Every structure is written in structure tokens, then in C-alpha cells.
Amino acid sequence: MPQSGPVHGRHCPLVVYRAADKPRFGGPAAGGQTMSRFVMATDQGTTGSTVMVFDRRGRVRSRVYSEFTQHYPRPAWVEHDAEQIGKVTRGLLARACRKADIKPSSLAAIGITNQRETTVVWDRSTGEPIH
């Protein structure tokens, strides 16, 4: 039966399955395969990006962080380069998997948080931000 559990003393909405309850695609009778065991979370903060990998019990398997450049075009304003954030984040995704000793294909989901009102529009065909 699914459960949610605490992470670092705070309630975490991460769904955790006991080994006996692990979900299967197609069910065991149909020869279904066990679902992936890991969830990745990425947090796009105001000064950098953090990526974490959790196992099915909600334990942190890896945590990596990197800052990105802050641009101050005028007093009290700050801007970020969307291409740099994308590059930094892609590198962190790979580092987090290596540090957790897992393959990206073993991820069941990736959660993303960002800087609230920040929005970037990306060109679907090129993967580049539209300025």
C-alpha cells in the first residue's frame, strides 16, 4: 500500500511503496516488469540549481548543486541566462544519476520546481529559449 513519509524531519508528498506492494506494468500474471525505483527532483532556485534522487523509501540517494551567473541590468533587478540554466541543469541531472549509481532509465519520474513567477518559453524544435 502506498505511503508518504518524512524527509529531513518534514512531511514529504513522495509516494513510497513497500517491497511487497511494488507496482508492476501489466501485473505479474502478464509477465509485467517492476516499475523504476527512483524519483528525481530538480529545484531551480534564484542563485542555482539543485537536483536530488530519492529511492522508493524516500531516502536521498544523491544531491548535487551548482550556481549560475546573476546579471544585474539595473538596481534591484536580476536576470538569468536561460541557456546557462538549461546547461547547468542537464549537467546536474547526469551528475545526480552518476552519484546515485543509477541509470536515467531507472527513474520513474522527475519533479521540477522553479522561482515562482519565472517563465521561459522554449522552442520545441530547437530546444532553445525564445528571447
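Predicted model: local features only at pLDDT ≥ 70, side-chain atom pairs only at ≥ 80, totals over all residues.
Residues are numbered from 1 along each chain as its sequence is written, and side-chain values use heavy atoms, with hydrogens and water left out.

Over the protein chain the mean pLDDT is 77, and 73% of the residues reach 70 or more.

Now the fold. The protein chain has one helix and six strands, in the order β-β-β-β-β-α-β. These are DSSP runs numbered from the N terminus, helices being H or I with at least four residues and strands E with at least two. Of the 131 residues, 30% are buried; buried means under 20% relative accessible area, exposed over 50%, and partly exposed in between, with a 1.4 Å probe and protein chains only.

Strands E4 (48-54) and E5 (60-67) pair in the antiparallel sense over seven bridges, where pairing takes at least two DSSP bridges. Phe 54 has Val 60 in E5 as its bridge partner. Five residues separate the two strands of this hairpin, and Gly 58 in the turn has a positive phi of about 85 degrees.

Phe 54 is also touched by Ala 41, as are Thr 50, Val 51, Met 52 and Gly 111, leaving aside residues up to four places away in sequence. Ala 41 sits in strand E3. Why does Ala 41 count as partly exposed? Because its relative accessibility is 26%. Thr 113 is 72 residues from Ala 41 in sequence, but the C-alpha atoms are 7.9 Å apart.

Last, the largest pocket. A pocket is an open set of points on a 1 Å grid over the protein atoms alone, with protein on both sides within 12 Å along at least five of seven lines; lining residues have an atom within 4 Å of a point. The largest one holds about 610 Å³ of space. Its lining has 21 residues, with Gln 44, Ile 85, Asn 114, Val 120 and Trp 122 nearest the centre. Strand E3 (38-44), helix H1 (82-100) and strand E6 (107-113) each give two or more residues to that lining, and H1 gives the most, six.

Definitions and conventions. 1 Å grid on protein atoms, 1.4 Å probe; cavity = no way out; pocket = protein on both sides within 12 Å on 5 of 7 lines; lining within 4 Å. Points joined across faces, edges and corners; volume = space filled by probe spheres on them. pLDDT = per-residue confidence, 0-100. Contact = heavy atoms within 4.5 Å.
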